[in-house]
Every structure is written in C-alpha cells, then in structure tokens.
Amino acid sequence: MIREKFREHLSLVACILAIGLVLMFFLFIVQWYLIQQTLGYAIELIEAELIQQAPSGVEAIEIKQTFLNVQDAVKGIPWSVISGRISLSKAKTAAHYARKSNSDGIWTAQEVNTLLKMTNATVGIKRGVGRK
C-alpha cells in the first residue's frame with residue numbers, strides 16, 4: 001500500500017517536472033527570439049545614425065558591412081556567445097569608446113574608423129576598416 005502511494009506520487013511529480021521542462025523550453029525559445037529582435041532593431045538604429053553622422057573620410061559601405069557582420073553574429077545567439085564568436089567584453093569596450101568619442105556630439109573620421117574596427121573585433125572579424 002505504501003509502495004502504491006509512493007508510485008502515484010512519484011508519477012505525479014515526474015509529470016509536473018515534465019510539464020515544467022516543456023514550459024521552460026518554450027520560454028527559452030520566446031526569450032531567444034525577443035533578444036534577437038531587440039538587438040536587430042538596435043543594430044539598425046545605430047547603423048542608420050552612424051551613417052547619417054559619418055564625416056567625410058568614412059565610407060558608408062564600410063559602416064554597412066560592419067553592421068552586417070554584427071547582424072550575422074547576432075543571428076547565432078546564444079551559441080555565438082558561448083562559442084566565443086561574440087566577445088561581450090569587447091562589445092562593452094566598444095560601447096564605452098563610442099560614448100566617450102561622441103560626448104561632444106561630433107564624430108571624426110578617425111573615431112568612426114576606430115569604432116568600426118572595434119565593432120568588427122567584437123564579432124571576430126580580423127580585417128581592418130578600409131582594406132579589401
């Protein structure tokens with residue numbers, strides 16, 4: 001009798017845990033999608049703003065290529081972060097540099113090119129800006 005009750009409780013607990021696992025997996029998928037969409041939107045905004053404010057000496061195609069590299073890396077989240085394709089510490093450094101460089105509201109060509117190099121390094125692109 002005790003074994004039968006134990007088996008009933010055990011099967012109930014297993015069923016609850018299975019339902020919880022399915023719900024957690026569903027929430028993971030939804031969260032992953034929302035993070036990708038949010039980052040994609042932010043990348044598009046930053047790209048458009050940087051192209052609009054870019055001084056002479058900075059090619060718009062270089063800005064677009066850099067942000068295409070970033071979008072490709074973001075599509076692989078969370079695996080691109082786990083595998084090291086995206087470096088969060090380099091992203092933080094690039095963001096800090098962007099805030100500091102644009103504190104006066106004016107971008108120089110050197111600042112933009114440096115930011116593009118840092119952004120490319122964040123997603124594992126080794127080539128420099130301006131090189132083919």
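pLDDT is the predictor's confidence in each residue, from 0 to 100. This is a predicted model, in which local features need pLDDT of at least 70 and side-chain atom pairs count only at pLDDT 80 or more, while totals for chains, interfaces and linings use all residues. Residues are numbered from 1 along each chain as its sequence is written, and side-chain values use heavy atoms, with hydrogens and water left out. The protein averages a pLDDT of 88, and 95% of the residues score at least 70.

**Confidence by element**
- Helices (H or I, at least four residues) and strands (E, at least two) are DSSP runs, numbered from the N terminus.
- Among the elements of the protein, α5 has the highest mean pLDDT (93) and helix α3 (residues 79-82) the lowest (84).
- Where pLDDT is low, the predicted coordinates should not be read in detail.

**Packing of α1 and α2**
- Helix α1 (residues 2-53) packs with α2 at an angle of about 170°, and their axes are 10 Å apart; axes are lines fitted to C-alpha atoms, for helices over the stretch in contact, and angles run from 0 to 180 degrees between N-to-C directions.
- The two helices, α1 and α2, are therefore roughly antiparallel (angles over 145 degrees; under 35 is roughly parallel, 65 to 115 roughly perpendicular and the rest oblique).
- Residues in contact (heavy atoms within 4.5 Å) include Leu-39, Ile-43 and Leu-50 of α1 and Ile-63, Phe-67 and Val-70 of α2.
- The residues of this contact divide into 10 nonpolar, three polar and four charged; Ala, Val, Leu, Ile, Met, Phe, Trp, Tyr, Cys and Pro count as nonpolar, Asp, Glu, Lys and Arg as charged, and the others, Gly among them, as polar.

**Packing of α4 and α5**
- Helix α4 (residues 88-101) and helix α5 (residues 109-122) pack at about 165°, with axes 9 Å apart, and are therefore roughly antiparallel to each other.
- Among the residues making the contact are Ala-94 and Tyr-97 of α4, and Leu-115 and Met-118 of α5.
- Seven nonpolar, five polar and two charged residues make up the contact of α4 with α5.

- Glu-62 lies in helix α2 (residues 60-75) and is buried, with a relative accessible area of 15% (buried is under 20%, exposed over 50%, partly exposed in between, with a 1.4 Å probe and protein chains only).
- The C-alpha atoms of Glu-62 and Leu-116 are separated by 8.0 Å, although the two residues are 54 residues apart along the chain.
- Thr-66 also lies in helix α2 and counts as buried, at 1% relative accessibility.
- Not counting residues up to four places away in sequence, Thr-66 touches Leu-116, Thr-119 and Asn-120.
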